[in-house]
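Me: I am new to this structure and would like to go through the words used for it one at a time. Please set each value against its definition before drawing a conclusion.

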Amino acid sequence: MGWLWAIIVGFVLGLIAKAIIPGKQHSPLWLTTIFGILGAIVGNAVARAAGVDATSGVDWMRHLFQVIAAVVIVSLGDMAYLATLGRDKQRT
């Protein structure tokens with residue numbers, strides 16, 4: 001069940017990141033999910049380094065780090081995706 005939760009969390013984080021980033025993102029949903037999974041992994045690592053990965057109750061700081069990491073990764077990943085497709089995709 002761990003891989004299923006990773007996909008679900010990555011999907012949700014990717015969609016939240018896309019909603020936060022201004023403008024249109026061109027990366028497909030499957031790639032956004034992968035970016036969200038990476039954001040969750042990076043956010044967990046940052047939270048662990050900051051010492052807030054395991055608290056009593058809801059880990060709000062860990063979730064905040066995950067969202068911030070997902071926003072950064074989705075925006076950078078979308079730029080990389082556009083660079084691989086060329087400039088024609090930006091006009092659509």
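Me: What is aspartate 53 in contact with, leaving aside its neighbours within four places in sequence?

Reply: Setting those neighbours aside, aspartate 53 is in contact with Ala47, Arg48, Asp59 and Arg62, where contact means heavy atoms within 4.5 Å. Aspartate 53 itself is found in the loop between H2 and H3. This is a predicted model, in which local features need pLDDT of at least 70 and side-chain atom pairs count only at pLDDT 80 or more, while totals for chains, interfaces and linings use all residues. Residues are numbered from 1 along each chain as its sequence is written, and side-chain values use heavy atoms, with hydrogens and water left out.

Me: Why is aspartate 53 called partly exposed?

Reply: Its relative accessible area is 29%, and the definition calls a residue buried under 20% relative accessible area, exposed over 50%, and partly exposed in between (1.4 Å probe, protein chains only). Because 29% falls in between, aspartate 53 is partly exposed.

Me: How do you know whether tryptophan 60 is buried or exposed?

Reply: The relative accessible area of tryptophan 60 is 64%, so the residue counts as exposed. Tryptophan 60 has its place in helix H3, and its C-alpha atom is separated by 18 Å from that of isoleucine 8, which is 52 residues apart from it along the chain.

Me: What makes valine 42 buried, exposed or partly exposed?

Reply: Valine 42 has a relative accessible area of 38%, and is therefore partly exposed. This residue lies in helix H2 and, leaving aside its neighbours within four places in sequence, is in contact with Ala69 and Ile73.

Me: Why does glutamine 25 count as buried?

Reply: Glutamine 25 has 12% relative accessibility, which is under 20%, and so it counts as buried. Its place is in the loop between helix H1 (2-20) and helix H2 (29-50), and, neighbours within four places in sequence aside, glutamine 25 is in contact with Lys18 and Asp78.

Me: Which backbone oxygen lies 3.2 Å from a polar atom of the side chain of glutamine 25?

Reply: That backbone oxygen belongs to glycine 23, and the backbone oxygen of isoleucine 21 lies 3.4 Å from a polar atom of the side chain of glutamine 25.

Me: How many helices and strands does the protein have?

Reply: The protein has three helices and zero strands, where helices (H or I, at least four residues) and strands (E, at least two) are DSSP runs, numbered from the N terminus. Read along the sequence, the pattern is α-α-α.

Me: What makes H2 oblique to H3?

Reply: H2 and helix H3 (residues 60-85) pack at an angle of about 140 degrees, with their axes 7 Å apart; the axes are lines fitted to C-alpha atoms, for helices over the stretch in contact, and angles run from 0 to 180 degrees between N-to-C directions. Angles under 35 degrees count as roughly parallel, over 145 as roughly antiparallel, 65 to 115 as roughly perpendicular and the rest as oblique, so H2 is oblique to H3. The contact includes Leu31, Phe35 and Leu38 of H2 and Arg62, Phe65 and Gln66 of H3. Its residues divide into 14 nonpolar, five polar and two charged, with Ala, Val, Leu, Ile, Met, Phe, Trp, Tyr, Cys and Pro counted as nonpolar, Asp, Glu, Lys and Arg as charged, and the others, Gly among them, as polar.

Me: Why is H1 described as roughly perpendicular to H3?

Reply: H1 and H3 pack at an angle of about 70 degrees, with their axes 8 Å apart. That angle makes H1 roughly perpendicular to H3. Among the residues making the contact are Leu13 and Gly14 of H1 and Val67 and Ala70 of H3, and by class the contact has eight nonpolar, two polar and one charged residues.

Me: How do you know how H1 and H2 are placed relative to each other?

Reply: The axes of H1 and H2 come within 7 Å and cross at roughly 100 degrees. H1 and H2 are therefore roughly perpendicular to each other. Their contact includes Ala6 and Ile7 of H1 and Leu29 and Thr32 of H2.

Key. Polar contact = N/O pair within 3.5 Å; in protein donor to acceptor, adjacent residues only side chain to side chain.
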